[in-house]
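Keep the model open while you read.

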Amino acid sequence: MREALIVWGGWSGHEPQECAEIIKTMLEEDGFKVYLEHGTEALADPSVHDLSLVVPIMTMSKIEKEEVKNLAAAIESGVGIAGYHGGAGDAFRDSVDYQFIIGGQWVAHPGNIIDYTVNITRPDDPLMEGIADFPYRSEQYYMHVDPSNEVLATTRFTGEHAYWIDGVVMPVVWKRKYGKGRVFYSSLGHQAKEFDVPEMKTIFRRGANWAAR
């Protein structure tokens with residue numbers, strides 16, 4: 001049986017505990033044995049290397065050096081990692097080692113909660129099969145991203161809330177490798193209710209299963 005570890009905590013506005021429970025149920029439905037841990041201490045445990053998947057939900061948190069070192073080694077050896085929104089893309093701001101794993105870092109969401117469009121750029125990829133461009137209402141993440149990411153979906157900024165980024169096309173969903181490990185990220189999912197959006201939930205579910213060893 002594949003085993004997954006969800007570590008949750010950080011900024012409460014992203015409803016980390018509620019989202020962790022949603023993802024736990026989702027992964028259990030897909031045949032995983034799931035462990036839920038509050039905080040990052042579990043990331044330093046040697047047992048991380050035996051997992052199939054790690055899901056961080058830790059917006060604006062701190063990670064200790066031994067924790068990120070152990071996590072990075074585990075992923076490099078083949079453990080998968082899947083994350084979303086600020087829980088993964090704005091976690092551990094002071095850890096460049098972690099950012100190197102994820103492949104991006106949040107820097108802004110001009111206009112805060114707004115309506116925008118998610119554009120599917122790789123409809124041929126199994127993670128995006130049957131999903132067309134779709135409207136979305138949330139924070140539209142502006143991120144600094146790794147050029148080695150394999151981008152599966154993007155969004156275009158209009159410049160309404162920051163005129164100097166008018167027309168910028170920003171990755172929303174990507175996958176990548178870190179050593180032998182698979183990394184999946186989606187910037188969608190500001191709060192738990194966004195998992196009610198079928199496209200958002202399906203993309204994350206497929207991405208987590210793809211990333212898992």
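Helices (H or I, at least four residues) and strands (E, at least two) are DSSP runs, numbered from the N terminus. The model is predicted: local features need pLDDT of at least 70, side-chain atom pairs count only at pLDDT 80 or more, and totals for chains, interfaces and linings use all residues. Residues are numbered from 1 along each chain as its sequence is written, and side-chain values use heavy atoms, with hydrogens and water left out.

Q: What does H2 reach from its first C-alpha to its last?
A: The expected span is 1.5 Å times one less than the number of residues. H2 has 12 residues, and the expected value is 16 Å. Its reach is close to that, at 16 Å.

Q: Which strands and helix do the buried residues of H2 pack against?
A: Buried means under 20% relative accessible area, exposed over 50%, partly exposed in between (1.4 Å probe, protein chains only). In H2, the buried residues are Glu67, Val68, Asn70, Leu71, Ala72, Ala74 and Ile75. They pack against strands E3, E4, E10 and E11 and helix H4.

Q: Is histidine 85 buried or exposed?
A: Histidine 85 lies in helix H3. Its phi is positive, about 40 degrees, although it is not a glycine. Its relative accessibility is 0%, so histidine 85 counts as buried.

Q: Where is asparagine 112, and what is its relative accessibility?
A: Asparagine 112 is another residue, not a glycine, with a positive phi, near 60 degrees. It sits in the loop between strands E5 and E6.

Q: At what angle do the axes of H1 and H5 cross?
A: Axes are lines fitted to C-alpha atoms, for helices over the stretch in contact, and angles run from 0 to 180 degrees between N-to-C directions. Contact means heavy atoms within 4.5 Å. The axes of H1 and H5 come within 11 Å and cross at roughly 60 degrees.

Q: Which residues of H1 and H5 make the contact?
A: The axes of these helices, H1 and H5, come within 11 Å. On the H5 side the contact uses Lys201, Phe204, Arg205 and Ala208. On the H1 side it uses Ile23, Met26, Leu27 and Glu29.
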